[in-house]
Amino acid sequence: HGSLRYERGNENLKSEHAIQLDLALELHYEHLEIVINPYYNRISNFIYLNQTDEFEGSFPVFEYGQTDIAHLYGGEIGFHYHPHKIHRLHINSNFSATIAETQDGEAISLIPQPNFNTSIRFDINNKQKISFKNIILEHIYYLPQNRVGPNETYSVDYHLLNLATHLTIGKADKLDISTGVRNLLNTNYRGHLSSLKNLGLSQPGINVFVSLKFKIK
C-alpha cells in the first residue's frame, strides 16, 4: 500500500554484474566554473520492474524481469557563475539525463525525466538580531519522458518554481530557520516516477515549508 503498486517477485533471478565508466571535466575561470560529467554503465543480468496490464484490487501489478545486458548512460553538465563585482550573487544551473535500454535497444521502465535545474542565490548576511543569510529562487524544468517500457505511460514536460530563504535568530545563531514556498505557480504535474501517477493523481500544488534547528551547547 505504501508504494501504491503490487510487485510480483521472481525466484529465478540471477545476480547482477556491472562495469561503470565515469568521466569528469572541470573548467575553472575567474567568475565561472563548468563541470561536465558523462558516464556509461554496462550491467549483466540487469533486474528491473515492468508494469503489466493486470491489477490487484486497485493497484497495478509490476513484475520483476531480467535482461542479459543493459546499457545505462547519460550524465550531467552544469555551471556556477559568481561575479566578483556582485559578490553576493550565485547562479547555478545543470542539466542531467539518463538513457537505459536493453541490448536490443528496447527502453527500460522507470527511468527519470531529463531535467534542467537553475537557481539564483543572493547572500545577505546582515548583522541584526534576526539575520537573513540568503534568498534562493529555483526553477526546474522536467523534459518529457518518451522512452518508456511495456505498459508504462509517457510523461509530459512541466516547470516548477521554488522560493526559499535562510535566517538565524540570536547573537550566537542558536536558532536556524529555513522557510519557503515550493511549486510557487501551483503547477498541476505528475512526476514520471511518482507512485501517484498510476492512480491518476497529481503531486502537491503550492505548499509552504519551515525547518527549525536549535543549537544546544
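**The core and what surrounds it**

Mentor: Let's begin inside: the largest nonpolar core is made of eight residues, namely Ile43, Phe46, Tyr48, Ala70, Leu72, Ala100, Ile108 and Ile111. Keep in mind that this is a predicted model.

Trainee: OK, which strands each supply at least two residues of this core?

Mentor: Those are β4, covering 32–56, and β5, covering 59–81. The largest share comes from β4, with three residues.

Trainee: Let me pick on one of them. What does isoleucine 43 touch, skipping residues up to four places away in sequence?

Mentor: Isoleucine 43 touches Glu16, His17 and Ala18, and also Asp68, Ile69, Ala70 and Leu72. Two of those names, Ala70 and Leu72, you've already met in the core list.

Trainee: Zooming out, how many helices and strands does the chain have?

Mentor: Zero helices and 11 strands. Reading along the sequence, you get β-β-β-β-β-β-β-β-β-β-β.

Trainee: What's the radius of gyration, and what would a compact globule have?

Mentor: The chain has 22 Å, while a compact globule of 217 residues would have a value near 17 Å. As for its extent, the C-alpha trace spans about 65 × 45 × 40 Å along the principal axes.

Trainee: And what percentage of the residues count as buried?

Mentor: 31% of the 217 residues. The accessible surface of the chain is about 13800 Å², and carbon and sulfur atoms account for 56% of that.

Trainee: Switching to charges: how many positive and negative side chains are there?

Mentor: There are 19 positive and 22 negative ones, and the centres of the two sets sit 18 Å apart.

Trainee: What about contacts between residues at least 6 apart in sequence, how many of those join residues at least 24 apart?

Mentor: That would be 58% of them.

Trainee: Last topic, arginine 8. Where does it lie?

Mentor: Arginine 8 is in strand β1, which runs over residues 6–8.

How values were computed: Residues numbered from 1 in each chain as written. Predicted model: local features only at pLDDT ≥ 70, side-chain atom pairs only at ≥ 80, totals over all residues. Heavy atoms only, no water. Helix = DSSP H or I, 4+ residues; strand = E, 2+ residues; numbered from the N terminus. Rg over C-alpha atoms; globule rule 2.2 N^0.38 Å. Buried < 20%, exposed > 50% of the residue type's maximum accessible area, 1.4 Å probe, protein only. Contact = heavy atoms within 4.5 Å. Areas by Shrake-Rupley, 256 points an atom, 1.4 Å probe, with all protein chains shown as cover. Lys, Arg positive; Asp, Glu negative; His and termini not counted. Charge placed at Lys NZ, Arg CZ, Asp CG, Glu CD. Core = buried A, V, L, I, M, F, W, Y, C linked by side-chain atoms within 4.5 Å.
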